[in-house]
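Thanks for coming, everyone. Please have the sequence and the structure open while I talk.

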Amino acid sequence: MKKIISRIGLLLTLLLMVVSLSACSSAASQKNVLKDDKQTKTITWGVKADTKLFGLMDVRDNQIKGFEIDLAKAMTKQILGKDGKARFIQVTSQTRMPLLRNGNIDAIMATMTITPERAKQVDFSRSYFDAGQAILVKNGSPIKNVKDLNHKGAIVLGVVGSNSVQNIKKFAPKARVLQLSDYSQALTALKSGQGDALTTDNGILYGMSIENPGYSVVGGTFTKEPYGIAVDKGQGQMRDAMNNALTKVENSGQYNKLLYKWFHKVHGFDFKGAER
Amino acid sequence: MISIFQNYGGELLYGLGQTLLCSIIALVFALIIGSGFAILEVVPNKFFRVIARVYIEVFRNIPLLVITMFFYVVIPMYIVEISGFASGTIGLILYSSAFIAETVRSGIQSVDPGQMEGARANGLSFWQAMRYIVLPQAFRYVIPPLGNQFINLVKNSSVLAFVAGFDLMYQGNVIASDSLQSMSTYLCVGVLYLILTLPLSYYMRYLEKKLA
């Protein structure tokens, strides 16, 4: 009897620990990020480092390079002036929200689609890139568009935490969705035949098809996925500064230059639709 | 935390089931294979000893994730299609069996050599002596370290999350990104792992008391 009581006691203590831990989740974020950044002359951006064309780690010089990186640098200069510095921290779809809410990064520019659910947790700027979801398949695959995936036994690969895995369930409800930890792993899984198609935003898929000529994007886009810059809730000043900077970058023609720099090699990229 | 259980209870339970299934399969096979290699390590025949040594050193010294990714990515490309769940379970079996082999071998070697000699002198063959005299004593010695290995095995099954094996950790990742409440999601996942491992560790302790 005594033993049982001591065991129950142990379990209760563990439970208590868990509950008290979960109570202390909301803290921090009562500071003005824009003000702090102006003082330190640095904006810390959370960016992707595994996504060709948008943000990819260059192993030769250990620098992340891509459209988003260049855009973030241009916007930093607009917000902080000529001597403003942009610091980049590598994030994934899973880690970006927690990192932003902890204050480790000031803003997310990581191929993040603006959605109503996310807008409850963070504040979005207006869209800086209008992507859309598409599928990538092996050349010669019988799958020509997303409807061909809507049958039992079809396997679609996606990435945990990306919006596209939610969407594919609407467009191909009968297909099984496997969620892998990042894009390079999802592509590896596609190559080794673990799935029939890989789905995510077209911009990312174009990058993959450039690197892997045996695979192509088929069927066009079937959703609208506007990418936005996210700042923590309550940082309205920061968000307004972002919107202003984006407008300035667009009006000066810098935006179109960056777009051309990164996407001119992509076969079938719609410049007219994407230019600002 | 409670809202996570309410909204995603089905996913979490399914993940718990997959983790349990994978752990049980891996536990049974790892114990059999591990004990087999442990015995091979102590047989008089040098050839078998070398084979066992190579197997154990290879799988003990490669990270579990690497073994699993090998089965997930390389094997389907050249040999046969296997799912994420299967590749994760195979990886877990190979990896854990190497550790279990080392544990059981230490048990066999801690049995007084006089036991084996005595059994042989009484006319038992090597295998009979192993089966009836040495192994029963050896397993009694290694129950506590074996318990450790079993608990490690259950926790290591989280490797399935990397190969889309639909286990508890995988569901945790999916739910965390869906609900955007990473903290309470991973707390839930941790509690569910505790529910799997605590009874196991209590059972091993009970066995230890009963047998040793």
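Let's start with a helix contact in chain B. Ile4(B), Phe5(B), Leu12(B), Leu16(B), Thr19(B) and Leu20(B) sit on the H1(B) side. Across from them, in H8(B), are Ser184(B), Thr185(B), Cys188(B), Leu192(B) and Leu196(B). In contact means that the C-beta atoms, placed from the backbone, lie within 7 Å. The residues of this contact come to 8 nonpolar, 3 polar and no charged. Nonpolar covers Ala, Val, Leu, Ile, Met, Phe, Trp, Tyr, Cys and Pro; charged covers Asp, Glu, Lys and Arg; the others, Gly among them, are polar.

A word on where this comes from. This is a predicted model: local features need pLDDT of at least 70, side-chain atom pairs count only at pLDDT 80 or more, and totals for chains, interfaces and linings use all residues. Residues are numbered from 1 along each chain as its sequence is written, while chains are lettered from A and ligands numbered from 1 in the order in which they are written.

Back to the two helices. Two packed helices are described by the angle between their axes and the distance between the axes. H1(B) spans residues 2-42 and H8(B) spans residues 182-211. Their axes come within 11 Å and cross at roughly 40°. Therefore H1(B) is oblique to H8(B). The cut-offs: under 35 degrees is roughly parallel, over 145 roughly antiparallel, 65 to 115 roughly perpendicular, and the rest oblique. The axes are lines fitted to C-alpha atoms, for helices over the stretch in contact, with angles from 0 to 180 degrees between N-to-C directions. The crossing of H1(B) and H8(B) is right-handed.

Now chain B as a whole. How many helices and strands does chain B have? There are 8 helices and 0 strands. Helices (H or I, at least four residues) and strands (E, at least two) are DSSP runs, numbered from the N terminus. The C-alpha atoms of chain B fill a box of roughly 70 × 45 × 20 Å along the principal axes. Of the 212 residues in chain B, 41% are buried. Buried means 20 or more other C-beta atoms within 10 Å of a residue's own, exposed means 12 or fewer, and partly exposed is in between.

One residue to look up is Ala164(B). You'll find Ala164(B) in the loop between helix H6 (126-156) and helix H7 (168-179) of chain B. Is Ala164(B) buried or exposed? Ala164(B) has 29 other C-beta atoms within 10 Å, so it is buried. Its phi is positive, near 55°. Most residues other than glycine have a negative phi.

On to chain A. Chain A has 11 helices and 15 strands. Its C-alpha trace spans about 75 × 55 × 35 Å along the principal axes. Buried residues make up 41% of its 276 residues.

Find the open sheet of 3 strands in chain A, ordered E2-E3-E4 with antiparallel pairing. Two strands pair if DSSP finds at least two bridges between them. E2 (50-51) and E4 (63-65) of chain A each have a single partner strand, so one side of each is left without a neighbour in the sheet. E3 (residues 55-58) of chain A is joined to E4(A) by 3 bridges. Leu56(A) has Lys65(A) as its bridge partner in E4(A).

Next, helix H8 of chain A, residues 202-211. This helix is mostly covered, with 7 of its 10 residues buried. Among the buried ones are Ile204(A), Leu205(A) and Tyr206(A). What do the buried residues of H8(A) pack against? Their partners include E2, strand E9 (133-138) and helix H7 (183-191) of chain A.

Two loop residues, then. Gly84(A) lies between helix H3 (67-80) and strand E5 (85-90) of chain A. Gly84(A) has 18 C-beta neighbours inside 10 Å, so it counts as partly exposed. Gly84(A) touches Lys41(A), among others. Lys41(A) is in the loop between helix H2 (33-40) and strand E1 (42-47) of chain A. Lys41(A) is no glycine, yet has a positive phi of about 60°. Lys41(A) has 12 C-beta neighbours inside 10 Å, so it counts as exposed.

Last, the interface. Here 20 residues of chain A are in contact with 19 residues of chain B. On the chain A side, H1(A) gives the most, with 4 residues. That side divides into 8 nonpolar, 12 polar and no charged residues.

Definitions and conventions. A crossing is left-handed if the near helix is turned anticlockwise from the far one by less than a right angle, and right-handed if clockwise. Two residues are in contact if their C-beta atoms, placed from the backbone, lie within 7 Å. Lists of a residue's contacts leave out its neighbours within four places in sequence.
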